[in-house]
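Reader: I'm new to this one and would like to go through it slowly. Could you show it to me before we start?

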Amino acid sequence: MIPWLAGSPHFPPVESALVDPPGLLAAGGELRPEWLLAAYRQGIFPWYSAGEPILWWSPDPRLVLVPSRMKISRSLGRRLRQHRFEISFDTAFSEVVAACAAPRESGGGTWISQEIQAAYRRMHELGHAHSVEAWCDGELVGGLYGIGLGRAFFGESMFSYRTDASKVALAHLARYLESRNFAVIDCQMTTAHLLSLGAVEIARTEFRAGLEVWTREGDGPGRWPRDAGRGFF
């Protein structure tokens, strides 16, 4: 059994999360900014399907990417040098989230419901949520979004309509975060794709201890400059 959350945003200790399914911590609560901020500061994130109650997760181990350690493969490096995509920051947040929410295959579903989209748009308005966009001939062809708190960035989702568009966006994000002394990009769940880009698994206790420091350092909330990724490649 997992606890049902109500009232104020108080979460159970992350150590009480289930082993199966991995990291499931609690249900209920809300998606208002105060709930999301409290959750992310403790290494907790919402993930659920439409029609379900809000489910909160804190998996162990945790997949993270140190911005300075992102692996740029030979082919990705060549793509970056070609400057085929124009990269912008915080310019089309709602469009990026909507594209990430689109089913990956015909008839498929998505966990990025209208409720989730509205909650993260509000976080963007408050300067906590950010997007990176990849454009080609004026068309949005890739990107990603997530939450920035202090020196930690919590990646939520990415999409790509052109080969390597999301990877190029991630590479620019990593360089920008490195330039601002961010400690980590939280990747949440382990995938072979993210491992190939240099992400590593760390113990939840280590991640949680890091967040105690990282989320209290660095700059406060605010919009990132549109051309924040210029000149990195």
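Author: Let us begin with helix 1, where Pro33, Trp35, Leu36, Leu37, Ala38, Ala39 and Tyr40 are buried; buried means under 20% relative accessible area, exposed means over 50%, and partly exposed lies in between, with a 1.4 Å probe and protein chains only. Helices (H or I, at least four residues) and strands (E, at least two) are DSSP runs, numbered from the N terminus. This is a predicted model, in which local features need pLDDT of at least 70 and side-chain atom pairs count only at pLDDT 80 or more, while totals for chains, interfaces and linings use all residues. Residues are numbered from 1 along each chain as its sequence is written, and side-chain values use heavy atoms, with hydrogens and water left out.

Reader: OK, and how many of the residues of helix 1 are buried?

Author: Helix 1 covers residues 33-41 and is mostly covered, with 7 of its 9 residues buried. Just after helix 1 comes Gly43, which takes a positive phi of about 80°.

Reader: Switching to strands, in what order do the 4 strands of the open sheet come?

Author: The order is 1-2-4-3, and the pairing in this open sheet is mixed; two strands pair if DSSP finds at least two bridges between them. Strand 1 (4-5) and strand 3 (45-46) are the edge strands, each of which pairs on one side only.

Reader: Which way do strand 1 and strand 2 run?

Author: They run parallel, and 2 bridges join strand 1 to strand 2, which holds residues 24-28. Trp4 stands opposite Ala27 in strand 2, and Leu5 stands opposite Gly28 there. Strand 2 is joined to strand 4 by 3 bridges, and those two run antiparallel; Leu24 has Trp57 as its bridge partner in strand 4.

Reader: Why is strand 2 described as largely enclosed?

Author: The reason is that 5 of the 5 residues of strand 2 are buried, so the rest of the structure largely encloses it.

Reader: What about aromatics, how many pairs are there?

Author: The count comes to 13 aromatic pairs, under the rule that rings of Phe, Tyr and Trp (its six-membered ring) pair if their centres lie within 6.5 Å, with planes under 30 degrees apart counted as stacked, over 60 as edge-to-face and the rest as tilted. One of them joins Trp47 and Trp57, whose ring centres are 5.4 Å apart with the planes at 55°, so the pair is tilted. Trp47 lies in the loop between strand 3 and strand 4 (55-57), and Trp57 lies in strand 4, so the pair ties together parts that are 10 residues apart in sequence.

Reader: Are those two buried or exposed, going by relative accessible area?

Author: Trp47 is partly exposed, at a relative accessible area of 34%, whereas Trp57 is buried, at 9%. Another tilted pair is that of Phe89 and Trp224, with ring centres 6.2 Å apart and planes at 50°. This pair links distant parts of the chain, as Phe89 is in strand 6 (residues 86-89) and Trp224 is in the segment after helix 7 (204-214), 135 residues apart. Phe89 is buried at 0% relative accessibility, and Trp224 is buried as well, with a relative accessible area of 7%.

Reader: Which residues do the ring pairs link into a cluster?

Author: The cluster consists of Phe89, Phe153, Tyr176, Phe182 and Trp224. Tyr176 is also one of the buried residues of helix 5.

Reader: New topic: which parts supply the lining of the second largest pocket?

Author: Helix 2 (74-82), strand 6 and helix 5 (165-179) each supply at least two residues of that lining. Of the 16 lining residues, His83, Phe85, Ile87, His172 and Gly229 are the closest to the centre of the pocket.

Reader: And where does Leu194 lie?

Author: Leu194 lies in helix 6 (residues 192-196), and Leu194 is buried, with a relative accessible area of 15%. Leu194 and Lys71 are 123 residues apart in sequence and 9.9 Å apart in space, C-alpha to C-alpha.

Notes:
On a 1 Å grid over the protein atoms alone, a cavity is a set of points where a 1.4 Å probe fits but cannot get out, and a pocket is an open set with protein on both sides within 12 Å along at least five of seven lines; lining residues have an atom within 4 Å of a point.
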